[in-house]
Amino acid sequence: MSRAETLNRPASTHPLPPPPMGLLAELTHRCALRCPYCSNPLELDRRDRELPTAVWKRLLDEAAALGILHVYFSGGEPMLRPDIAELVAHARDVGLYTNMITSGVGFQPAALDAVAEAGLDHIQLSIQAMDAETCDRVGGYAGAWQRKHMVAADIARLGLRLTVNAVIHRENAHQTKDFVQLAEDWGAARIEIAHVQYYGWGIVNRARLMPTRQQVERAMADVEEARARTAGRLVIDCVLPDYYARYPKACMGGWGARLMNISPAGVALPCHAAQTIPGLAFDTVQERSLSDIWYHGAAFNAFRGTDWMQEPCRSCARKDLDFGGCRCQAMALAGDASATDPACSLSPLHKQIVALAEAEAASHRSDFIYRGFQGAPKPQAERQMVPLQADRP
């Protein structure tokens, strides 16, 4: 079977999957922050391409009918949409659990009251560092630190269930304990200690963000200590940086298995980085229903199940646990979306990814390439995306 046939084979080769559990609704790519690890694509959708309110309402109707339980309103910054409270209310009306992922920056305080009144169930608030100088510099926005604390106080006042999102990288890995304490101070029910995942803007800034192995090990020890201390009152989720892992993460719970991602312009994606894989055909919600795309879309069926796998994944006992790892990472690092994720110790590229991580962590690059609508400088983006080469036997 040719590569093009593998990527776009018809749904009839797969048993129908169960409906997705969640819908990631990327309402906009606009954001006051310019985080250099943002998972948004390098080419952002501008405001004039964003889906209108009526289309998003139709998609929420379709999501409920499909059996989706949970909608994540995301971006960019979803609170920049003037219709955000209207969309939250509509999602609640059709029976969806609503979750908002916000930077806490760039919108008027009244907007938070409006979404709470509309029935928002849960809110996730990001924090870039535990000191004001680093927080503002990483986010590229003066005053972000102070603003986030004000928003956290408003979230507590409104009685919204809170998750703190702490993105971990070289500059703040030593602050892991402090992030957990902050979540407790803010009254959060959950904190996500998520090491940068190297897609989108993260891979462009990899040499600036990659922590050392010692930093990762120390951060993981801090997480385990904090879990023991806060058991029963705070959930602590932790996502490791793949480059230091023994086995890859079960990306998205399996390709086309649990989540649908809708871009601001209406492109339906199996994951937020799927458009980095050349040869995939993506549907838009203007042309097909969510149900039709989920069950029959070529992109969603490209890597479902295990039939697409190469060795060593095909014969691996873990293939139904981690699904071969991340397809986008395989594309970025191996140059082949069907390859074993190089984060896996069984991949022929694993030694190279470890060496790459160590080299990047030892670099002295001090400049961030900030997220923005102008895109990343082409030479830098291309340099970071050169596939690794396996050692010759």
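1. S126 touches T102, S103, K148 and N165, leaving aside residues up to four places away in sequence; contact here means heavy atoms within 4.5 Å. S126 belongs to strand 4 (residues 122-127). S126 is buried, at a relative accessible area of 14% (buried is under 20%, exposed over 50%, partly exposed in between, with a 1.4 Å probe and protein chains only).

2. A word on the basis: this is a predicted model, where local features need pLDDT of at least 70, side-chain atom pairs count only at pLDDT 80 or more, and totals for chains, interfaces and linings use all residues. Residues are numbered from 1 along each chain as its sequence is written, and side-chain values use heavy atoms, with hydrogens and water left out.

3. Now the helix pair. Helix 4 (residues 109-118) packs against helix 6 (residues 144-158) at an angle of about 30°, the axes being 11 Å apart. Helices are DSSP runs (H or I, at least four residues), strands likewise (E, at least two), numbered from the N terminus. Helix 4 and helix 6 are therefore roughly parallel (angles under 35 degrees count as such), and their crossing is right-handed.

4. Who meets whom? From helix 4 come P109, L112, D113 and A116; from helix 6, R147, V151, D154, I155, R157 and L158. By class, that contact has six nonpolar, no polar and four charged residues.

5. On annotation, UniProt lists residues 17-234 as "domain: Radical SAM core", in an unreviewed entry. Over residues 17-234 the chain is 43% helix and 17% strand, with the end C-alpha atoms 33 Å apart.

Definitions and conventions: Axes are lines fitted to C-alpha atoms, for helices over the stretch in contact, and angles run from 0 to 180 degrees between N-to-C directions. Angles under 35 degrees count as roughly parallel, over 145 as roughly antiparallel, 65 to 115 as roughly perpendicular and the rest as oblique. A crossing is left-handed if the near helix is turned anticlockwise from the far one by less than a right angle, and right-handed if clockwise. Ala, Val, Leu, Ile, Met, Phe, Trp, Tyr, Cys and Pro count as nonpolar, Asp, Glu, Lys and Arg as charged, and the others, Gly among them, as polar. UniProt positions are given in the numbering used here, feature names are shortened, and annotations may be inferred rather than shown by experiment.
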